[in-house]
Amino acid sequence: MFKGIGASAGIAFCTVCLIKPEKIEFETKSVKTPTIEKDRVQTALQKFTEDTAHLVENVRANASDAEAAILESHILIASDPEITGNINEAIESEGLTAEAAIDNVLEMFKNIFASMDDELLSQRASDLVDIKERLLRILTGSNAASVSDLTHDAILVIHDLTPSDTGQMNKALVKGIITEVGGYTSHSAIISRAMEIPAVLGVDNALNLLNDGDVVLMNGATGEITVNPSAEEIERANTLLAGQLQEKKELEAYIGKPSVTADNIQVELVANIGSAKDLESVLKNDAEGIGLFRTEFLFMDRTTAPSEEEQFLVYKEVAETMQNKPVIIRTLDIGGDKEVPYLHLEKEDNPFLGYRAIRLCLDQKDIFKIQIRAILRASAFGHIKIMIPMISTVTELRAAKAFIDDVKAELKGEGVAYNAAIEVGIMVETPAAVAIADILAAESSFFSIGTNDLTQYTMAVDRGNKKVAYLYSTFDPAVIRNIETVIRAAKKEGIMVGMCGEAASDPLLLPFLLAAGLDEFSMTAVNILKTRRLLANYTVSQLKEKLATILSLKTTDEVVAFLSSL
């Protein structure tokens, strides 16, 4: 048995099929003229665009719009003027072939993304590799082993499952996926979960540890992989699989039910989204609203900022689709850690402590104004709320609210409809905001706790640094106390308090959050029905009696052990 990262839950028992990478051979120095080589690049890009458009439709049919959007972004990346300009320059100045220029330039951009601190952005490195290899194969006419070659049921073993692989994959034949690289937030993981295929990622040297035809039992939840399992191991796996199928059926019974505890305390279970394309899953899983709309994805993978009209149409679509359920739109949360070339952001040594989110927006008011106008206009079509991220001072909050008021006045003067009473709240994610939570609550319509950053900042831990990862825990007493402080301040002021970090769907943390009085839980849509079912196991009045004990615990292990006993 060996182990990787459990990225998509489920049991798979089948023979494996190895997809081994093959080196693409090509000449580096051109004996032709630069014009011919640049024409070859353009022809390859046209072919790439056509092929990708077909793959997008396949992914949309087999997974969802959200996953298809990942592949659609490849067209934008490949045709980005900064990339194509560098390729043409390499051909002109260095006398390279089209292949060598593409190889050099896309490798350079891959390395830029791979070095980023932000985990989601560092995963973009795999996109660059995928684009590069596909362009090189178009130019050289070479054909490598592909997931499209699969003709029988199998567990795929591959270095990395790229979005283009997904477009060629026959979902019915792929019973499981094992990769050598990738993590829980990688495209491989996202796509596997969307397709409901068990996946174990990050298995070092998997292509050499396994052979074609090996019989493998894999558990996508625990990350365990067993080669040639015994009859007893297969029986245990079948029991687990039957249990998972039964659970899925049972969860469907919670669609349309209220989100209430055993003593009838009602909370809101809402969803985190990155685009309107995520709404399909939101509706399917019966979310009671949108607790976090990450608008930064509208600004990425493009060469110019989205226009007011473009943003308005997206926000309007989300508001109308949710049929007057609450939709919390977070204003642009982007900074030196994210690659958005047209913003011309300087590279920072400590991007998470630098020029980002509201700090950027209050400085680049032209971008901020366009977004606020679009959000306000869309507020006439549903129950939209505005959330300001990365607030550390009351001055920042007041400046943001004053700016929003100025935009309101401008729209009123133009006769444009909007919700004049739109709520403006903040994301609480800095220790500074926790320390003055009582003051901020008096000037906010609502709070939403961003546990990912709050944990990182509270513990002074770079969550991408493996050497200090042991310190990154939402269950640390310091983080637990900060969360309780924020909830208490909101309750005292009478405003809604939610949570939109990963911890909102953590079943182990649920009893503490109920005891502390959290009103709203915002999470990935697929976790909503599971959480709704869990709520019925708890009596809030009894949990409140345990709150003082939870807050008195001294270590992470003590907190975990105590919550596990509830």
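**Figure 1. The barrel.** Eight strands, in the order S9-S10-S11-S12-S13-S14-S15-S16, close into a barrel with parallel pairing. Neighbouring strands of this sheet are turned by 25 degrees against each other on average, direction ignored. Strands (E, at least two residues) and helices (H or I, at least four) are DSSP runs, numbered from the N terminus. Two strands count as paired if DSSP finds at least two bridges between them. The model is predicted: local features need pLDDT of at least 70, side-chain atom pairs count only at pLDDT 80 or more, and totals for chains, interfaces and linings use all residues. Residues are numbered from 1 along each chain as its sequence is written, and side-chain values use heavy atoms, with hydrogens and water left out.

**Figure 2. Strand S16 and its two partners.** Strand S9 (residues 268-273) is joined to S16 by 4 bridges, and the two run parallel. Strand S15 (residues 496-499) also pairs with S16 in the parallel sense, over 2 bridges. Phe 521 of S16 is the bridge partner of Leu 269 and of Met 499. From S16 (residues 520-523), Glu 520 and Ser 522 point one way, Phe 521 and Met 523 the other way, and all are buried. Buried means under 20% relative accessible area, exposed over 50% and partly exposed in between, with a 1.4 Å probe and protein chains only.

**Figure 3. Strands S13 and S14.** Strand S13 (residues 424-428) and strand S14 (residues 446-449) run parallel and are joined by 3 bridges. Met 427 stands opposite Ser 448 in S14.

**Figure 4. Packing of helices H4 and H6.** Helix H4 (residues 98-114) packs with helix H6 (residues 124-140) at an angle of about 175 degrees, and their axes are 8 Å apart. Axes are lines fitted to C-alpha atoms, for helices over the stretch in contact, and angles run from 0 to 180 degrees between N-to-C directions. H4 and H6 are therefore roughly antiparallel to each other; angles over 145 degrees count as roughly antiparallel, those under 35 as roughly parallel, 65 to 115 as roughly perpendicular and the rest as oblique. Residues of H4 in the contact include Ile 102, Leu 106, Phe 109 and Phe 113, and those of H6 include Leu 128, Ile 131, Leu 135 and Leu 139. By class, the contact of H4 with H6 has 13 nonpolar, 1 polar and 6 charged residues. Contact means heavy atoms within 4.5 Å. Ala, Val, Leu, Ile, Met, Phe, Trp, Tyr, Cys and Pro count as nonpolar, Asp, Glu, Lys and Arg as charged, and the others, Gly among them, as polar.

**Figure 5. Packing of helices H18 and H19.** Helix H18 (residues 451-459) and helix H19 (residues 477-493) meet at an angle of about 125 degrees, with axes 10 Å apart. H18 and H19 are therefore oblique to each other. Thr 451, Leu 454, Thr 455, Thr 458 and Met 459 of H18 are in contact with Ala 478, Val 479, Asn 482 and Ile 483 of H19. The residues of this contact divide into 5 nonpolar, 4 polar and no charged.

Figure 6. In helix H8 (residues 187-195), the buried residues are His 187, Ser 188, Ala 189, Ile 191, Ser 192 and Met 195.

**Figure 7. Surroundings of Gly 223.** Gly 223 lies in the loop between strand S7 (215-219) and strand S8 (224-227). Gly 223 is buried, with a relative accessible area of 0%. Not counting residues up to four places away in sequence, Gly 223 touches Phe 2, Lys 3, Gly 4, Ile 5, Gly 6 and Val 200.
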